[in-house]
Amino acid sequence: MSLLTDLVNLNLSETTDKVIAEYIWVGGSGMDMRSKARTLPGPVSDPSELPKWNYDGSSTGQAPGEDSEVILYPQAIFKDPFRRGNNILVMCDAYTPAGEPIPTNKRHAAAKVFSHPDVVAEVPWYGIEQEYTLLQKDVNWPLGWPLGGFPGPQGPYYCSVGADKSFGRDIVDAHYKACLYAGINISGINGEVMPGQWEFQVGPAVGISAGDEILVARFILERITEIAGVVVSFDPKPIPGDWNGAGAHCNYSTKSMREDGGYEIIKKAIDKLGLRHKEHIAAYGEGNERRLTGHHETADINTFLWGVANRGASIRVGRDTEKEGKGYFEDRRPASNMDPYIVTSMIADTTILWNP
């Protein structure tokens, strides 16, 4: 009798042209990744070749029971690192049967911003640093921490090695390689300041693709932690007290910022972000006030300030950008549970389209 793993790892291409497409979408909480699979007659390379599909929105908090059908529109395709072969992951957004985006569909509004001619001309690049915390299953306590107790204070854990300092590296490396296999532009990983906390970076990604890639990377991470029997948390402050929170710093540049004279464009863009600070903070993730305390490498939630190489600022400009007079800046305010479609499109809207 075959082992279960033998069946899971069957190579379908040896016996059939059919492929499996895993349709992925964001559920009603804005953080719950949902998915279901269907069989396609053959390989697909473009979302336009894929059929729309539906699901029961009353079971995801996205539709009433008496009118529960929600329609999935395929938007982006990635290789499936779990099933491999020609099988694919499909990032979707959700609509009513009449074709209207449902309220939790944040991609639709972001796509409007990114398709604006002025935004298209500026080719906005994003590099998102997604922090997360690995938790021991059933006890809601960070991986590697003594049950009901605390490890030594922060200091030795950031970018650490060693069994007493680095917890969950097998999960992190599996995720790294799975994202590369999928075609996500994951650019790096590192252990974070709080033990059991890690970060991966996605980018540079242009426009709407940044949101697609972060969400599929989150989905892959959820699947890998499911296999490992570990829970992943995107809570911006998973452990109260003198422990670092978890953010999703957003590195950003436009064509004008990357060209000669770009530093002046950057400073004007930062000024505009400061004028809309409250609006951005309100949209940058739930529970962010527990993280943005003015301690632990963050500015206070009610304060907007920027500086060169200042990790305690709302916006950080790198030394290289200052020296070269062009480049990018980092918005350090988004929480780890932010919606990437909201954050990326809002930054583009404020810095490119908005006139104060």
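Tyr95 is buried, at a relative accessible area of 6% (buried is under 20% relative accessible area, exposed over 50%, partly exposed in between, with a 1.4 Å probe and protein chains only). This is a predicted model, in which local features need pLDDT of at least 70 and side-chain atom pairs count only at pLDDT 80 or more, while totals for chains, interfaces and linings use all residues. Residues are numbered from 1 along each chain as its sequence is written, and side-chain values use heavy atoms, with hydrogens and water left out.

Tyr95 belongs to strand S5 (residues 88–95); helices (H or I, at least four residues) and strands (E, at least two) are DSSP runs numbered from the N terminus. Ile71 is 24 residues away from Tyr95 in sequence, yet their C-alpha atoms are 5.1 Å apart. Leaving aside residues up to four places away in sequence, Tyr95 touches Val70, Ile71, Tyr73, Gln75, Glu100, Pro101, Ile102, Asn105 and His108 (contact means heavy atoms within 4.5 Å).

Asp331 is found in strand S14 (residues 329–331) and is buried, with a relative accessible area of 0%. Not counting residues up to four places away in sequence, the residues that Asp331 touches are His249, Cys250, Tyr284, Ser314, Ile315 and Ile347.

Helix H4 (residues 169–182) has 14 residues and spans 20 Å from its first C-alpha to its last, close to the expected 20 Å at 1.5 Å a residue (the expected span is 1.5 Å times one less than the number of residues). Its buried residues are Ile171, Val172, His175, Ala178, Cys179 and Ala182. They lie on the same side of H4 because they cover an arc of only 130 degrees around the axis, the arc being that of the directions from the helix axis to the C-beta atoms. Asp170 and Lys177, on the other side of H4, are exposed. The packing partners of the buried residues of H4 include strand S4 (69–79), strand S9 (197–206) and helix H5 (209–228). Gly183 follows H4 and has a positive phi, near 100 degrees.

Gly203 and Pro204 are joined by a cis peptide bond, with omega about 0 degrees, and Pro204 lies in strand S9. Arg84, a residue other than glycine, has a positive phi near 60 degrees; Arg84 is in the loop between S4 and S5 and is partly exposed at 39% relative accessible area. Cys159 is not a glycine either, and its phi is positive at about 55 degrees. Cys159 sits in the loop between strand S7 (141–142) and H4, and its 45% relative accessibility makes it partly exposed.

The chain is divided into domain 1 (4–104) and domain 2 (117–353), with bounds from an automatic or database domain assignment. Their centres, taken over C-alpha atoms, are 27 Å apart. Contacts link 16 residues of domain 1 with 18 residues of domain 2. About 1600 Å² is buried between the two domains, and carbon and sulfur atoms give 78% of it; buried area is the accessible area (1.4 Å probe) that two parts lose on being put together, summed over both. In domain 1, Met31, Phe78 and Phe82 lose the most area to domain 2, together 40% of what that side buries.
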